[in-house]
Amino acid sequence: MKKLLAIVAAIIITTGAYAQIVAPVKWAYAAKKTSATEVTVFLKASIAGGWHIYSMNVKDGGPIKTSFTFAKSKDYTLVGKPSEPKPRTKFEKAFNMDVSYFENEVVFQQKIKLKSPKVTAIKGQLEYMTCNDMKCLPPDDVSFSIPLGK
C-alpha cells in the first residue's frame, strides 16, 4: 500500500510540474510626450532564450502575427500604424513558409495625437504567438494601460 501511495504521489507531482504555465514573454509599456499634443507609446516584449514572437507583418497561412488594438476614444487618435524594428526572417517547416520574427527583445511603437489634456492613459489589447524550435504556444491576448504621466 505504501508503494502505491508513493507512485500516486510521484504521478501527481510530475503532472503538476508539466502543468505549470509556460510564459516566455513579458510585456512592459512606456510613453513619451513628443509635443504638447503628441505622444509615442512603446510596447516592449522581453522574450526568454530559445523563444520568439512574430512580426506584425506575417502572411496569411502562417503563425499568428503580433497585433495591437487601441481602445477607441474621443480624446485621442492614432497617427499611422504601429511600427516595429527590422525582424529576422527564415523558413519554418511548421508553416511551410518564410516567417519574420523577433528574439530576446523587441519594442513596438505607436504615435498618438492627443485631443484632450485630460488623457491619463492609453488602453488597448495586444495579441501574439510564441514559438521555439520544438513547439508553439496558443496565441495570447494581453490587455494594457499605458500611463501618460504629466
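Q: Hi! Let's start with Lys44: what strand is it in?
A: Lys44 sits in strand β2. Keep in mind as we go that this is a predicted model.

Q: Okay, and is Lys44 buried or exposed, or something in between?
A: Something in between: Lys44 is partly exposed, and its relative accessible area is 31%.

Q: Which residues does Lys44 touch?
A: If we skip neighbours within four places in sequence, Lys44 is in contact with Lys26, Trp27, Ala28, Glu105, Val106 and Val107.

Q: And how far is Lys44 from Tyr29?
A: In sequence the two are 15 residues apart, while in space Lys44 and Tyr29 are 6.1 Å apart, C-alpha to C-alpha.

Q: You listed Glu105 as a contact. What do the side chains of Lys44 and Glu105 make?
A: They make a polar contact at 3.4 Å. The pair also counts as a salt bridge, with the closest N and O atoms 3.4 Å apart. Lys44 is in strand β2 and Glu105 is in strand β8, so this pair ties together parts that are 61 residues apart in sequence.

Q: Nice. How exposed is Glu105?
A: Glu105 is partly exposed, at a relative accessible area of 47%.

Q: How many salt bridges are there?
A: The count comes to two.

Q: Changing topic: which residues touch the most other members of the largest nonpolar core?
A: Those are Trp27, Leu43, Ile53 and Phe108, in a core of 27 residues. Two or more residues of this core come from each of β1 (25–35), β2 (38–47), β4 (67–70), β8 (105–114), β9 (121–128) and β11 (140–147).

Q: Which of those elements gives the most?
A: β2 does, with five residues.

Q: Let's zoom in on Phe108. What is Phe108 in contact with?
A: Leaving out neighbours within four places in sequence, Phe108 is in contact with Trp27, Val41, Phe42, Leu43, Ile53, Met56, Thr66, Phe68, Ser83, Glu84 and Phe102.

Q: What about a second core: how many residues are in it?
A: The second core is separate and has eight residues, including Phe95, Met97, Tyr101 and Cys131.

Q: Now the sheets. In what order do the three strands of the open sheet come?
A: The order is β4-β9-β11, and the pairing is antiparallel.

Q: Which strands stand at the edges there?
A: β4 and β11 do; each has a single partner strand, so one side of each has no neighbour in the sheet. On average, neighbouring strands of this sheet are turned by 25 degrees against each other, ignoring direction.

Q: How many bridges join β9 to β11?
A: Eight bridges join these two antiparallel strands.

Q: Last one: which residue in β11 stands opposite Leu126?
A: That is Val142.

Technical notes:
Residues are numbered from 1 along each chain as its sequence is written. This is a predicted model: local features need pLDDT of at least 70, side-chain atom pairs count only at pLDDT 80 or more; totals for chains, interfaces and linings use all residues. Side-chain values use heavy atoms; hydrogens and water are left out. A nonpolar core is a set of buried Ala, Val, Leu, Ile, Met, Phe, Trp, Tyr and Cys residues joined through side-chain atoms within 4.5 Å. Buried means under 20% relative accessible area, exposed over 50%, partly exposed in between (1.4 Å probe, protein chains only). Helices (H or I, at least four residues) and strands (E, at least two) are DSSP runs, numbered from the N terminus. Contact means heavy atoms within 4.5 Å. Two strands pair if DSSP finds at least two bridges between them. Axes are lines fitted to C-alpha atoms, for helices over the stretch in contact, and angles run from 0 to 180 degrees between N-to-C directions. A salt bridge is a side-chain nitrogen of Lys or Arg within 4 Å of a carboxyl oxygen of Asp or Glu. A polar contact is a pair of N or O atoms within 3.5 Å; within protein, one must be able to donate a hydrogen and the other to accept it, and residues adjacent in sequence count only if both atoms are side-chain atoms.
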